Amino acid sequence: CQLFGYVGIEAVLDQMKIKTMKMGFEFNIMVVGQSGLGKSTMVNTLFKSKVSRKASQPGQEERIPKTVQLQSVTHVIEEKGVKMKLTVTDTPGFGDQINNNNCWDPIIKYINEQYERYLREEILITRKRKIPDTRVHGCVYFVPPTGHWLRPLDLEFMRRLSKIVNVVPVIAKADTLTLEERAEFKQRIQQDLKTHAISVYPQEDFDQDPDDRALNDRIR
Amino acid sequence: QNDGYRTLSLSGHVGFGSLPDQLVKKSIKQGFCFNILCIGETGSGKSTLINSLFNTNFDDPVSSHFLPSVHLRAQTYELQENNVLLKLTIVNTVGFGDQINKEDSYRPIVDYIDAQFEAYLQEELKIKRSLFSYHDTRIHVCLYFISPTGHSLKTLDLLTMKNLDSKVNIIPIIGKADSISKTELQKFKNKIMSELVSSGVQIYQFPTDDETISKINTIMNGHLPFAVVGSTEEVKIGNKMVRARQYPWGIVQVENENHCDFVKLREMLICTNMEDLREQTHARHYELYRRCRLEEMGFRDVGPENKPVSLQEAYEAKRHEFYLELQRKEEEMRQQFVQRVKEKEAILKEAEQQVHTKFEHRMLMHQEVKLKLEKKKKALEDEIAMFIEKKANAELLQSQASVSTPLVSLKRDKDRK
């Protein structure tokens with residue numbers, strides 16, 4: 001139908017903005033990678049504040065945990081009137097053992113537990129107006145800068161986790177690679193991912209809009 | 001609101017301040033759904049008002065007064081303004097208030113609203129669901145058109161509104177308000193509001209918790225019910241064409257705030273509170289419906305020992321119950337079957353017995369008859385033997401006699417014999 005004059009429908013966008021700003025946002029990310037790859041430093045840099053406590057600080061017992069343990073810290077940060085509850089889950093002990101078989105199991109269990117918690121809240125008869133969202137929104141996977149290919153541990157982990165969570169692979173401590181090495185490494189990683197049919201974020205099956213696809217292709 | 005979490009201060013620009021914009025952009029792409037239900041008697045100005053509100057011409061055929069019952073007619077339109085796409089659904093009540101017996105007039109309306117909630121609930125309960133692309137048909141607002149009598153609400157109005165206030169956001173409107181004078185109008189409005197309050201009807205209150213809009217919303221709350229005039233014709237005023245109604249004694253301009261509350265309604269409905277209306281529908285009315293419906297189906301959040309029970313456990317319990325019931329019924333049927341088989345067997349056995357006895361009896365009879373016949377046969381055989389003997393004797397005598405006596409006398413003897 002044709003509108004003959006101004007109605008004011010687009011005012012609903014402002015209403016939406018006000019509502020979301022009042023509600024606030026929740027963002028949960030998980031960082032996975034071997035110790036010493038710079039995970040905590042990167043998180044602190046990303047959010048420009050002391051989110052994670054680094055494991056290499058003096059006075060702290062430097063002990064590699066026997067099994068993978070997950071530690072979550074939650075902070076509230078605010079920018080331009082937008083309040084965000086940020087939860088960063090760290091995974092010390094990942095990939096640090098001699099035998100790393102099934103070291104991804106505690107992580108998968110944790111992610112599924114969060115989904116389970118949300119589902120439980122959702123199917124209650126009297127549910128809360130705003131269900132607290134502890135589901136992991138993104139998982140940043142740190143790849144050590146070997147410069148060669150992805151290791152079996154990396155492939156196994158990403159394969160399993162890309163099915164249940166958005167995985168963002170990241171080359172850690174990239175200042176140890178020259179630009180050409182870096183480009184080659186990236187290409188090899190992309191090839192590896194394609195060969196093993198691992199779909200990392202942004203996934204191709206969510207590309208419904210041509211604008212989205214253009215943006216995502218560039219990211220990929 | 002912080003729940004005991006530490007607040008960190010940022011030492012630089014991170015960039016998540018654009019999160020609301022990201023959401024808005026996504027919503028623009030998705031498009032919005034807005035569903036309006038118009039309730040009012042035939043001829044109260046519903047279609048004209050909707051045409052005026054959205055500044056377009058929805059093709060709505062005029063309905064007659066002689067429909068046997070109330071039914072609802074829904075039409076969906078796609079409107080686009082700048083880059084915002086709105087899927088607007090207008091639901092009209094056809095034949096409302098026309099019947100002689102209006103006891104059940106509100107029923108079809110309540111049923112329609114419930115049906116939309118039910119459809120959403122079904123989609124939500126599906127295992128493989130697509131809520132993201134679901135076309136939401138739940139009614140977000142109900143514009144209730146009050147007839148401009150100038151006195152008070154009709155009983156039908158109170159009855160209908162009382163039945164709808166817990167299911168939908170109601171905004172009462174006085175239609176065709178150009179037939180009431182200014183002084184009468186204020187008295188009419190006051191009377192209507194006091195009647196609504198005293199009957200306990202909960203109409204939609206514009207939200208006053210957000211500072212940016214609370215002032216204007218409070219003012220608007222005081223202007224309820226809005227007295228509106230709609231028009232599909234345009235009249236030239238000064239050098240502009242405006243929507244207006246032209247009477248022999250003057251012109252009533254739709255968008256003139258001195259003439260009617262049309263602009264206020266449009267402001268409140270679309271510009272300021274559309275999102276809140278949608279949210280109230282989802283968070284309050286739909287949740288209430290969902291709760292009642294699930295409880296009706298037998299699910300509880302709390303088990304018999306007051307321990308929390310999840311929906312899954314309730315499902316399991318119900319399924320178990322059902323299974324036991326099924327087993328019981330199966331057992332019952334099996335017993336019945338065994339019983340019947342036994343009975344039939346007994347009957348057949350008896351019949352067999354009878355046949356057997358008959359058979360024996362007949363055998364006996366057969367034996368007796370056989371014996372008799374044998375005896376007779378024996379007797380006859382003896383007779384035959386005797387006869388042969390006699391014949392032999394006779395022949396012997398004859399052969400002896402033929403030697404000594406003449407043939408004639410033999411013949412005579414023979415004849416005699």
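## A covered strand in chain B

Strand β6(B) is covered on both of its faces: Ile170(B), Pro172(B) and Ile174(B) are buried on one side, and Ile171(B) and Ile173(B) are buried on the other. The strand spans residues 170–174 of chain B, and 5 of its 5 residues are buried. This description, like the rest of the report, rests on a predicted model.

The neighbour of this strand is β5 of chain B, residues 141–146, which runs parallel to β6(B) and is joined to it by 5 bridges. Within this pairing, Leu143(B) stands opposite Ile171(B), a residue that belongs to one of the two buried faces.

## Chain B as a whole

Chain B contains 10 helices and 10 strands. Of its 417 residues, 37% are buried. Among the contacts in chain B with a separation of 6 or more, 66% involve residues 24 or more positions apart.

## A sheet built from both chains

Strands of a sheet pair through backbone hydrogen bonds, either parallel or antiparallel. One open sheet consists of 6 strands in the order β5(A)-β4(A)-β1(A)-β3(A)-β2(A)-β1(B), with mixed pairing. Its edge strands are β5 (167–171) of chain A and β1 (6–7) of chain B, each of which pairs on one side only.

Strand β2 of chain A covers residues 71–79 and strand β3 of chain A covers residues 82–90; the two are antiparallel and share 9 bridges. In this pair, Val73(A) stands opposite Val88(A) of β3(A).

## Helix packing within chain B

Two packed helices are described by the angle between their axes and the distance between the axes. Helix α4 (residues 155–164) and helix α5 (residues 182–199), both of chain B, pack at an angle of about 50° with their axes 11 Å apart. The angle therefore makes α4(B) oblique to α5(B). The crossing of α4(B) past α5(B) is right-handed.

On the α4(B) side, the contact is made by Leu158(B), Met161(B) and Lys162(B); on the α5(B) side, by Glu195(B), Leu196(B) and Ser199(B). Sorted by class, the residues in this contact are 3 nonpolar, 1 polar and 2 charged.

## Helix packing between the chains

Helix α1 of chain A (residues 11–23) packs against helix α8 of chain B (residues 274–296) at an angle of about 60°, and their axes are 8 Å apart. The two helices, α1(A) and α8(B), are therefore oblique to each other.

Helix α1(A) contributes Val12(A), Gln15(A), Met16(A) and Lys19(A) to the contact, while α8(B) contributes Met274(B), Glu275(B), Asp276(B) and Glu279(B). By class, this contact has 3 nonpolar, 1 polar and 4 charged residues.

## Backbone exceptions in loops

Most residues other than glycine have a negative phi, and most peptide bonds are trans. Ala197(A) has a positive phi, near 55°, although it is not glycine. Ala197(A) lies in the loop between α5 (179–195) and α6 (210–219) of chain A, and it is exposed, with a relative accessible area of 67%.

Lys176(B), also not a glycine, has a positive phi of about 50°. Lys176(B) is located in the loop between β6 and α5 of chain B and is partly exposed, its relative accessible area being 44%. A cis peptide bond leads from Leu224(B) to Pro225(B), with omega near -15°. Pro225(B) lies in the loop between α6 (211–223) and β7 (226–227) of chain B.

Conventions:
Residues are numbered from 1 along each chain as its sequence is written. Chains are lettered from A and ligands numbered from 1 in the order in which they are written. This is a predicted model: local features need pLDDT of at least 70, side-chain atom pairs count only at pLDDT 80 or more; totals for chains, interfaces and linings use all residues. Side-chain values use heavy atoms; hydrogens and water are left out. Axes are lines fitted to C-alpha atoms, for helices over the stretch in contact, and angles run from 0 to 180 degrees between N-to-C directions. Helices (H or I, at least four residues) and strands (E, at least two) are DSSP runs, numbered from the N terminus. Angles under 35 degrees count as roughly parallel, over 145 as roughly antiparallel, 65 to 115 as roughly perpendicular and the rest as oblique. A crossing is left-handed if the near helix is turned anticlockwise from the far one by less than a right angle, and right-handed if clockwise. Contact means heavy atoms within 4.5 Å. Ala, Val, Leu, Ile, Met, Phe, Trp, Tyr, Cys and Pro count as nonpolar, Asp, Glu, Lys and Arg as charged, and the others, Gly among them, as polar. Buried means under 20% relative accessible area, exposed over 50%, partly exposed in between (1.4 Å probe, protein chains only). Two strands pair if DSSP finds at least two bridges between them.
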